[in-house]
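Q: Could you take me through one part of this model up close, the place where the two chains meet? I'd like the contacts there and the pieces that make them.

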Amino acid sequence: MADKAVSEEASMDGQAPKPTSIPVTDNTVWADASPLLDAACIGLRYGELIHGDNFNLFAAMSALEIMDPKMDSGIVCRYYSIDEAIENGAAPVPISLDSTIDVQCTIDIMDHLLACEAAWHKGHSLAQTVFSCIYLLRLDRTASHALLHSYGRVIRATCKAVLSVVSDARTHEEEDLFTMTYGLPLNGDGDEKCLSMLNAVEETISRQLRACKATSSKRRVSEDLEPLQYNPNLEEGFCKALLCRLRFRKHFFHVLTCMKRPQGRGLELARKHIASCISELEFILKSAEFLQSCSGESCEDDIDDKTTASGREPIGFDASLNSRLSAPTPPRAIKILSWKKAVEYFVKLLHDLDVICSYSLDPHLENLLRFVVQFQKSQPDLVARSHLQLLLVQDGKLYGRDPIFAVITKAAALPEATKNHDIQKNESILQLGQCYYILQLVMNLLKILCTNAAWQRRKLGKILQDWRVIYLQLELALRNEFGEVSSSSNDENICMKIFQHILIWVEEQTYWIACRFLMLGFELELYSASEYCMVYWYSYAVLIKLAEKTHLKMAVSYDTAKRKGKKKRDSPKDLVRESRIPPAVLFLQCYICLAEGLTMMLAALRNEFMILQSPSPFNTEQEKFVQHFELLQRACIPDHASYLSFKESTTHARFSTLVMYNYFKDAQRIAKEVKSSFSNDPDRLAELRKLEQVAEHNSVALNLICRLGALDPSLKVSFEFSHHPFFATAVVRRS
Amino acid sequence: MDASSEEKAEFEGEEIEYLSYGGEHHLPLIMSLVDQELSEPYSIFTYRYFVYLWPQLSFLAFHKGKCVGTVVCKMGEHRNTFRGYIAMLVVIKPYRGRGIATELVTRSIRMMMESGCEEVTLEAEVTNKGALALYGRLGFIRAKRLFHYYLNGVDAFRLKLLFPRQELHFSGPMMTNTDASHEHTDLDNT
């Protein structure tokens, strides 16, 4: 190989690679190292290792990358470079001299590219998916083929646009394959004009479609237009198949452009393009029948697994080519999604993007948090989540529009009048550092909430410490500034009020995060059944604190409004309102009842029937408790939630007492009561209905176990998440 | 895994002999088992890395002179805790479901405990019910979920076993954690 001094890094401008060589200088000379290498090969036996000071077993193991053709000479590739592949006819231009076949194959390429794109979105590298297309790797070669060329340009520009969104958003090691682009020709000159090129091609095909329809109805055609391909019976079908594919790409590119506009200005227009995309995808699906019928190949059983609508293998793709060019390409083969699954993926992606585009950009943080949690329930993929993240936090502002501090003061339920004037005057009190830090915490929280559930939970656990620290600092500052002062000058009073509000809000937010952390554990299946009891117990402890802080915030807010002179007199209505528990708090109390009920039922099952225990030879329940709640305990969330207190609370749980004091019945009652307050909120109503179901089923199970449990050893109790993703339902069966 | 469709070996529990890694003669046995049953390709240097540096943590199971199972582990300091790591666990199909894997892992964990480890960790596919059940019975919890950890898109759980706290006697080698990826065979419930 020494004389083949051709650089492996094939030049990207489409020309043949130039031979390079390092010239000999005064101090250097070329020497043939082959004999030395041969001697070394003979000298070392299989599995032996040269052991040096800086080359130990760890280094050897880490250095070797099996199946990477750059390292593993045993890996055989079909082609060793893109040029070799092209020279051997792997990507002919035109694809065929027969125009019908050329069109068919072009459509196959488009379909396979869609499947590749979906596989990329789903977490594989660009190099092994979209850029396994030889035509894309040397797009200039296709200049004479308008259809392929314009389509390729749009794909390239689209990938670049999607890539920039995901790169700007917060991603991490598990999704980093997505953003790897080393060695790939993503930047094309003139790609900004790709849409106009596509439009031109679309226009031509539209005219060809009109022409063939006119011919079929025997009307005269004045245009001197060449048909798309030469089989007149297939002209209409092919034109339509191409048009919907081109139009889908056009509208999808528009969606990305619109959503990129700052402050959500393009969201409404994006929705229109999303609707067009979805309708074009429907046409694309419908075209499959026609394409399969004229493919001339027998109908195979596994047509659903194919990456093209026609069922044929596409021409011009080779995923192994990039393994010699791109840096960390995982050397393993990946499976490209089937064409059908790819279309399904894009339909889902578009629906998820539509939800984002329909969002009202609510300036209230708690509503936003609820929206994000709700959005995540549909398990959106990386591209959709990245778009949401970028919409929420732009230029250090919410939606690029609302200063985060204003958002916080609103969330802290500071009365409207307090905000601007007083805060600007008293900014010095909230030391600049703390102020900045709180803003960072909020922005960070919003970004984290948009990531995938697994990573999200780990991050939420870590930031608990940060939120706790800021709370303690604020509390200290509050005490230092105001001591135990009850009331002094009006100004100082206002400062103190601001401090108080923000302090309570920070605590409330901290417990909200803790709650989400615990609940995500169920979604991610991190808890085994024998651990449910401690998890519900801990959740109960956190929920109680959350409800307390939420209630306190509302009470303090009302109080502040009163003191500002908003309320001249305590009217009877005011007194009633003050004593009534706010619906948001009642909602939480419903959760609390369910958590407590489940804790006690699980504890009673263990105490009385010895089930759901998990004795281990190496550790005890205490170690499991410590591990599951380590991050919460470290942040003292909440105080005094130790393993000892868990045992104390649950050791005496018995069914006889549980049936008398039935937490599930309480939950049912509260859920019913609070429904009317949320009549305009379909998400919360749906949630309440689920909670009612959980409460009802568990109440029935409780009674059943109490009556029959001791008498009937064949009764088996299991816990399933049939009604709610967080609150389990006890299922009693006879084995 | 449907046990009835596989050819199951007939044996009594006492017939299985467990040996600690004894040297070079064991290496090809371990390699062939792991190569045969797991899809991750490892170089010989990966095996050597584990068995040379921590021979006391690897065990083999024999039945009538034939090697039917093995476990390969390491231990070292990771972020101020002394931690054991289970890298590979294999039992050949006809011998599964009889507690051999549990015994292999148990011996290794015991050795880690005696060597002063505070915890033991490993990754397992979320779909590997057998492995999850095995480690669950030994006291492991699912500490984290790792999204798309395996290249086929499957998530993994990071499993962790925390030993009851005791006075630490740290005398082991100082090694950084490589987080070498590994797999476990799909094991039946015992």
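A: Start with the side chains of A:Glu525 and B:Arg145, which meet in a salt bridge, at 3.2 Å from N to O. Keep in mind that this is a predicted model. Between chain A and chain B, the rule turns up one salt bridge across the interface. Polar contacts are there too: seven residue pairs cross between chain A and chain B this way, with both partners at pLDDT 80 or more.

As for which pieces of chain A do the touching, α2 (57–63), α16 (453–482) and α21 (621–628) each give at least two residues to the side facing chain B.

Now for the overall extent. Chain A brings 40 residues to the contact and chain B brings 37 residues. Together the two chains bury about 3400 Å², with 67% of that on carbon and sulfur atoms. On the chain A side, A:Leu57, A:Met61 and A:Phe618 stand out: they supply 23% of the area that chain A buries against chain B, more than any other three residues.

One more thing to look at on chain A is a nonpolar surface patch of about 500 Å², made by A:Ile22, A:Val24, A:Val29 and A:Trp30. Of these, A:Val24 sits in the segment before α1 (34–43) of chain A.

Methods
Residues numbered from 1 in each chain as written. Chains lettered and ligands numbered in written order. Predicted model: local features only at pLDDT ≥ 70, side-chain atom pairs only at ≥ 80, totals over all residues. Heavy atoms only, no water. Patch = residues over 30% accessible without salt bridge, like charges linked within 9 Å, V, L, I, M, F, W, Y side chains within 5 Å. Areas by Shrake-Rupley, 256 points an atom, 1.4 Å probe, with all protein chains shown as cover. Salt bridge = Lys/Arg side-chain N within 4 Å of Asp/Glu carboxyl O. Helix = DSSP H or I, 4+ residues; strand = E, 2+ residues; numbered from the N terminus. Contact = heavy atoms within 4.5 Å. Buried area = accessible area lost by both parts, 1.4 Å probe. Polar contact = N/O pair within 3.5 Å; in protein donor to acceptor, adjacent residues only side chain to side chain.
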